[in-house]
Amino acid sequence: MAHSHFAELLDLDAEVLSDYHRTVFDWVGGVAADRPHVVDLGAGTGVGSLALARALPGATITAVDVDDEMLDHLRRKASAAGLADRIRTVRADLDQPWPDLGPADLVWASASMHHMADPAAALTGAFGLLRPGGLFAVSELTAFPLFLPDGPEADVERRAHQVMAAMRDEAGLHMHEDWAARLKAAGFDPVEERRFDIALEPPLPPAGGRYAQVSLERMRQGLAERLSPADLTTLEQVAASLPDRDDLVVRTHRMVFLAHRP
Ligand SMILES: C[S@@+](CC[C@H](N)C(=O)[O-])C[C@H]1O[C@@H](n2cnc3c(N)ncnc32)[C@H](O)[C@@H]1O
């Protein structure tokens with residue numbers, strides 16, 4: 001699946017899980033300093049950068065990502081939203097020595113820390129960016145959303161998720177970290193932790209079908225060598241039946257950590 005579908009997936013996630021995102025940005029924005037400098041690590045399409053720019057009217061945002069296409073997409077969205085003057089982008093590989101990004105009052109990292117080759121080094125890097133009293137907000141996930149209602153198709157979806165999870169582990173992604181313990185080890189104190197269980201029932205928001213379609217199609221393509229032909233055919237048929245199905249659900253959860261630099 002084309003790279004742009006990953007960008008689309010990130011934007012669809014923000015749209016379909018808008019209640020979750022609103023709650024998190026209200027929480028984080030509510031405890032941030034006035035007119036903060038925010039650094040968004042692994043900013044992707046800018047879901048966090050734009051939301052925090054809106055939630056914190058005096059804020060300036062530095063959005064960091066290794067991927068030029070993501071940063072292009074982010075800049076287009078920032079311009080369209082009239083926020084370009086408050087959001088600057090920096091292309092950087094956070095697995096390498098970091099450019100000068102600070103000092104920051106708030107560092108935001110959503111679904112990016114699990115990509116880091118050395119998460120401990122990345123958390124220490126975030127600590128070093130922050131002014132004393134600053135906040136590091138980390139959103140992480142251990143599993144991706146399930147969309148199909150209970151039944152044989154959902155069984156295929158679950159099997160596909162199990163294989164995807166094994167592939168992420170083989171690729172060295174850090175999906176099973178104890179982020180609270182890691183944040184404390186990096187010097188953050190206190191560390192608050194909230195789990196968000198997301199269970200959307202039909203009818204989903206309008207973008208829900210497309211979100212399911214892009215997710216399932218992306219998964220099917222990623223599993224072409226790893227899933228049985230029968231399961232691949234089922235996934236293909238399900239993806240083709242979308243986005244118009246009216247029985248889809250969204251089941252997922254996110255963990256959010258709010259870590260304070262003493
Ligand atoms: C799952 S996406 C999350 C994007 C965004 N934070 C969000 O929540 O929508 C992970 C992002 O981290 C970026 N990323 C992964 N490894 C990186 C690295 N070593 N340095 C900088 N960015 C990285 C990817 O390019 C991608 O945009």
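**View 1. Helix α2 packs against helix α3 in the predicted model.** Helix α2, which spans residues 18-31, and helix α3, which spans residues 47-55, have axes 10 Å apart and pack at an angle of about 55°. The two helices, α2 and α3, are therefore oblique to each other, and α2 passes α3 in a right-handed crossing. On the α2 side the contact is made by H21, F25 and V28, while α3 contributes V47, G48, A51, L52 and A55. Sorted by class, this contact of α2 with α3 has six nonpolar and two polar residues, with no charged residues.

**View 2. Residues surround the ligand.** The ligand is surrounded by 19 residues, of which the closest are G42, D65, D93, L94 and S110. A nitrogen atom of the ligand has a backbone N or O atom of G42 at 2.7 Å, and a polar backbone atom of L94 lies 2.9 Å from a nitrogen atom of the ligand. For V66, a backbone N or O atom lies 3.3 Å from a nitrogen atom of the ligand.

**View 3. Helix α6 crosses helix α9.** The axes of helix α6, covering residues 152-170, and helix α9, covering residues 229-241, cross at roughly 115° and come within 10 Å. Helices α6 and α9 are therefore roughly perpendicular to each other, and α6 passes α9 in a left-handed crossing. The contact is made by E153, V156, R159 and A160 of α6, together with D231, T234, L235 and V238 of α9. By class, the residues of this contact of α6 with α9 comprise four nonpolar, one polar and three charged.

Note on methods:
Residues are numbered from 1 along each chain as its sequence is written. This is a predicted model: local features need pLDDT of at least 70, side-chain atom pairs count only at pLDDT 80 or more; totals for chains, interfaces and linings use all residues. Side-chain values use heavy atoms; hydrogens and water are left out. Axes are lines fitted to C-alpha atoms, for helices over the stretch in contact, and angles run from 0 to 180 degrees between N-to-C directions. Helices (H or I, at least four residues) and strands (E, at least two) are DSSP runs, numbered from the N terminus. Angles under 35 degrees count as roughly parallel, over 145 as roughly antiparallel, 65 to 115 as roughly perpendicular and the rest as oblique. A crossing is left-handed if the near helix is turned anticlockwise from the far one by less than a right angle, and right-handed if clockwise. Contact means heavy atoms within 4.5 Å. Ala, Val, Leu, Ile, Met, Phe, Trp, Tyr, Cys and Pro count as nonpolar, Asp, Glu, Lys and Arg as charged, and the others, Gly among them, as polar. A residue is near a molecule or strand if one of its heavy atoms lies within 4 Å of it. A polar contact is a pair of N or O atoms within 3.5 Å; within protein, one must be able to donate a hydrogen and the other to accept it, and residues adjacent in sequence count only if both atoms are side-chain atoms.
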